[in-house]
Amino acid sequence: QVHLVESGGGLVHPGGSLRLSCAASGRTFRDYHMNWYRQAPGKERELVAGITWSGGSTYYADSVKGRFTISRDNAKNTLYLQMTSLKPEDTAVYYCAAGLRWPPGTSSDYWGQGTQVTVSS
């Protein structure tokens with residue numbers, strides 16, 4: 001079992017930046033690949049970014065390439081998502097998730113409770 005808790009969400013103006021964090025506890029964090037997903041109202045959940053257990057490989061959805069950066073600190077059991085040049089269409093609940101599959105898919109094994117990101121002027 002992996003327990004995941006996201007933080008760092010909030011309200012930001014278009015063009016602004018936010019950094020999300022996901023603190024992990026329970027089973028060994030470095031055993032898992034880690035992903036960020038998001039779900040906007042009325043839309044399906046989508047995979048935003050993923051990173052392998054070592055941090056050696058990453059994945060980004062086309063919609064966030066060049067704007068978002070996923071990273072992890074295995075010593076701190078923490079996953080990050082640095083988001084820049086935010087757009088209103090980035091508004092969603094963001095979830096971190098842990099899984100054993102790579103490349104990441106539409107589902108993972110363990111999920112956090114989510115953090116709201118709202119991009120609005």
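1. T52 sits in the loop that links β5 to β6 (58-60). The model is predicted. T52 counts as buried, because its relative accessibility is 8% and the cut-off for buried is under 20%.

2. What does the side chain of T52 lie 3.2 Å from? One of its polar atoms is at that distance from the backbone nitrogen of G56. Setting aside neighbours within four places in sequence, T52 also contacts H33, S57, R72 and W102.

3. G8 belongs to another loop, between β1 (2-7) and β2 (10-12). G8 has 35% relative accessibility, so this residue counts as partly exposed.

4. Not counting residues up to four places away in sequence, G8 touches L18, R19, L20 and T115. N35 lies 27 residues from G8 along the chain. The C-alpha atoms of G8 and N35 are 16 Å apart.

5. Now the core. The largest nonpolar core holds 31 residues. Those touching the most other members are L4, W36, L79, L81, M83 and Y94. Two or more residues come from each of β1, β3 (18-26), β4 (33-39), β5 (46-51), β7 (68-73), β8 (78-83), β9 (92-99) and β11 (115-119). In soluble globular proteins, nonpolar side chains tend to be buried together.

6. Y94 deserves a look of its own. Which residues does Y94 contact, leaving aside neighbours within four places in sequence? They are E6, L20, Y37, R38, V48, F68, L81, M83, G114, T115 and V117. Among them, L20 and T115 are also touched by G8.

Key: Residues numbered from 1 in each chain as written. Predicted model: local features only at pLDDT ≥ 70, side-chain atom pairs only at ≥ 80, totals over all residues. Heavy atoms only, no water. Helix = DSSP H or I, 4+ residues; strand = E, 2+ residues; numbered from the N terminus. Buried < 20%, exposed > 50% of the residue type's maximum accessible area, 1.4 Å probe, protein only. Contact = heavy atoms within 4.5 Å. Core = buried A, V, L, I, M, F, W, Y, C linked by side-chain atoms within 4.5 Å. Polar contact = N/O pair within 3.5 Å; in protein donor to acceptor, adjacent residues only side chain to side chain.
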